[in-house]
Amino acid sequence: MSQRPGITLGETRSGFVGRLRTTLARRTEGRALALFFVVATVTWIMEPIVFTSYQVTLGRIALIGLVALGLTAVILMGELDLAVASTLAVAGVVMASIDNLALGIIAALLTGLLIGVVNAFFVVVVGINSFIATLGMLFFLRGAAFVISGEEPVRLANIDAGIAFGKPFIGDLTPRVLLFIVAFIAIQLFVTRVRVGREFYAVGGNREAAYDAGIPVRRRIFTGFMISGFVAALAGVINTLERTAADPTAGSTVLLASFAAAIIGGILLTGGRGSVFGTLLGATSLGILQVALTLSGVQVDVQNIIIGLVLLLAVISDPTTLRVVLGNARAFIQGRSEIQPEG
Amino acid sequence: MAGKPPSAVDTRAQVDSDLGIEKREFRLLEWMADRGIFVFTTALVLVAALFIDGFASLANITDVFNRAAPIGIVAVGMTFVVISANYLDLSVVAQVATAAVVLIAVSNASSIPAAMALAFLIALAYGLVNGVAVGVFKANAVIVTLSTTFIGLGILRWLTGGSIYFGPPEGPIRSFGTTKIGPFPLSMIVLVLITIALSLVLTRTNFGFLVKSYGSNREATRLAGVNTAWVVVGAFILSALGAMLGGFVLAAFSNTAVSAMSTGFDFRALAAIIVGGTSVFGGKGSVMRTLLGVVFVSVLTNIMVLSGLGFGYQQMAIGALIVAAVSVDSLARKAAVT
């Protein structure tokens, strides 16, 4: 494999600075890093308590980030899983409806996997766009959560387990934060070190080419949706344990925050580009922002406005398409047809 | 050709295959995607009239119409977004609630024309923000409208504090909401008029043609010299205006307005559009069919309410309906290709 004359991957530059620039140009976390620094600096000056009581902040980051990590796996392949919010609610309700705690957790996680399989079935076998398929599932599962729970929050039978779950486990870290760290490391290793995970990038980058290269595209998409379903169900289990009850309406703000985290993290919605680390940065920034706003006494409604604005800005400010977009904007204002190819 | 003369049927088959014309067989999926809605709606109404107690009463039918009208007005406007292959406009939930609250609250404080003018400006703003983000910045419509939903509802709840606004017991809004012509409430007539108007826009105007063209092949439309960004912005503005009128009608029906009153409008409208036969793959659809879809979805919801099935079951049914209708459309397309 050493003899590959004439093949260079990307731009080659000489010298350390050149190599650094090439590396930086390949990274996708720029916006997340910028947002992180702005949010962290402003918070440091205005509300330093966000950092001194870091357990609260870490808990919030884990809440936002866990679902976003699962989403990352799906979005890398250019698909989307809008059903995660409802999966979270359904998994929580399923878990609380079963009296035995261990059985309940297993049933909830299996529910998440099953939902992933159903989503992937509609996307891969039936051939529906994943936006619409998972949107239908979002509504269906939200209804299912209401039906299973009888339209009321379900109390967890084993309340002691829930209380123990909220306490620090190792050092200052609660089990929720530890599970989030484990999930982050697992998914990070999966998409960067494991062959199946690395192929997610290929599937998202160019599906035809991936198929021609012998990658089982359909199976990879099934895997991706199962990951996101499983992780969303895990988030539902954690929520239910912490609150000692399952709420069928849970997860509506999770949808917004987790998408915001993944998209700010630099992941391209059409697939093939982005990193799990970026999602972590995005989730961290949003977590700090939310805790800071809450501590400053800002209402939930205003927090939703701010996070909605961040998501809107993130989704329209993709650096690779920005040049094309500026051309489009000029054409739009001048009333001409767009001249540049679409991103 | 000597010997046995071919029969007439054989000749036609021979000619067809010579010319390369494929014989079109009856395909169930294609038929369901194309014409199924007529049969299903009729069947649903007949079954409901025969087996559900209380369905075929005048009071119930008026109630169905009253509830169908706001969703229908939202759906016919949103049809343009779906035809332009931009999935849907989730932010109608925020738009309908905003228009309703503005109509009641501002008309209480000053006058109805002022309220309508303000609501119109807000609708234009929604259409422009959604349309520019999707059309100019090429962002994904689902994500854009998801974020504008949260922004819009956040602003509305922040300003109103979640309180309920009551209209005056006498006045134009109240009388609009209660006037009936036979079993038809005035709102239903507004829905039919808007449907006819938007149907003419879609089938008879340059803009309507461009929406369809953009939906079926955006690259070709762009290369033809069309300013495609304006097409998308126009589609989102029509959707926003539909949502505004839907909000007016909803507020007039109950003579009250609250920020949470439009829950479920997004997927009910989408279900009506898709069940009506407008394709989420873009380029194909009609406003008249959406009206039929609205009837289907409203009758289905009414049957479930009369049968005592709660919100959860209704949401499950409509979610399943969306997935099923899109599946039929997708499978029919696949079958047509092979």
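Select chain A and chain B together: between them they bury about 4400 Å², 74% of it on carbon and sulfur atoms. Buried area here is the accessible area (1.4 Å probe) that two parts lose on being put together, summed over both. On the side of chain B, pick out Ile143(B), Phe150(B) and Arg222(B), which lose the most area to chain A, together 15% of what that side buries.

The model is predicted: local features need pLDDT of at least 70 and side-chain atom pairs count only at pLDDT 80 or more, while totals for chains, interfaces and linings use all residues. Residues are numbered from 1 along each chain as its sequence is written, chains are lettered from A and ligands numbered from 1 in the order in which they are written, and side-chain values use heavy atoms, with hydrogens and water left out.

**The interface**

Stay with the two chains. In contact (heavy atoms within 4.5 Å) are 54 residues of chain B and 54 residues of chain A. There are zero salt bridges between chain B and chain A, a salt bridge being a side-chain nitrogen of Lys or Arg within 4 Å of a carboxyl oxygen of Asp or Glu. Six residue pairs are in polar contact across the interface, with both residues at pLDDT 80 or more. Such a contact is a pair of N or O atoms within 3.5 Å; within protein, one must be able to donate a hydrogen and the other to accept it, and residues adjacent in sequence count only if both atoms are side-chain atoms.

Elements giving two or more residues to the side that touches chain A include α5 (112–135), α6 (141–160) and α14 (311–337) of chain B. Which element gives the most to that side? It is α14(B), with 14 residues.

**A ring pair between chains**

Now select Phe131(A) and Tyr87(B). Their ring centres are 4.7 Å apart and their planes at 20°, so the pair is stacked. Rings of Phe, Tyr and Trp (its six-membered ring) pair if their centres lie within 6.5 Å; planes under 30 degrees apart count as stacked, over 60 as edge-to-face and the rest as tilted. Phe131(A) is in helix α7 (residues 130–149) of chain A, and Tyr87(B) is in the loop between α3 (58–83) and α4 (92–109) of chain B.

**Within each chain**

In chain A, go to Arg195(A), which forms a salt bridge with Glu199(A); the closest N and O atoms are 2.9 Å apart. Both residues lie in helix α10 (residues 195–205) of chain A, four residues apart, about one turn of the helix.

In chain B, select Thr256(B), in strand β4 (residues 256–257). Its C-alpha atom is 8.1 Å from that of Val101(B), 155 residues apart along the chain. Beyond neighbours within four places in sequence, the contacts of Thr256(B) include Ile104(B), Tyr165(B) and Met261(B).

**Confidence**

Finally, colour by pLDDT, the predictor's confidence in each residue, from 0 to 100. Chain B has a mean of 86 and chain A averages 84. In chain B, helix α1 (residues 8–18) is lowest, at a mean of 50, and α5(B) highest, at 94. Over residues 1–8 of chain A the pLDDT is below 50. Where pLDDT is low, the predicted coordinates should not be read in detail.
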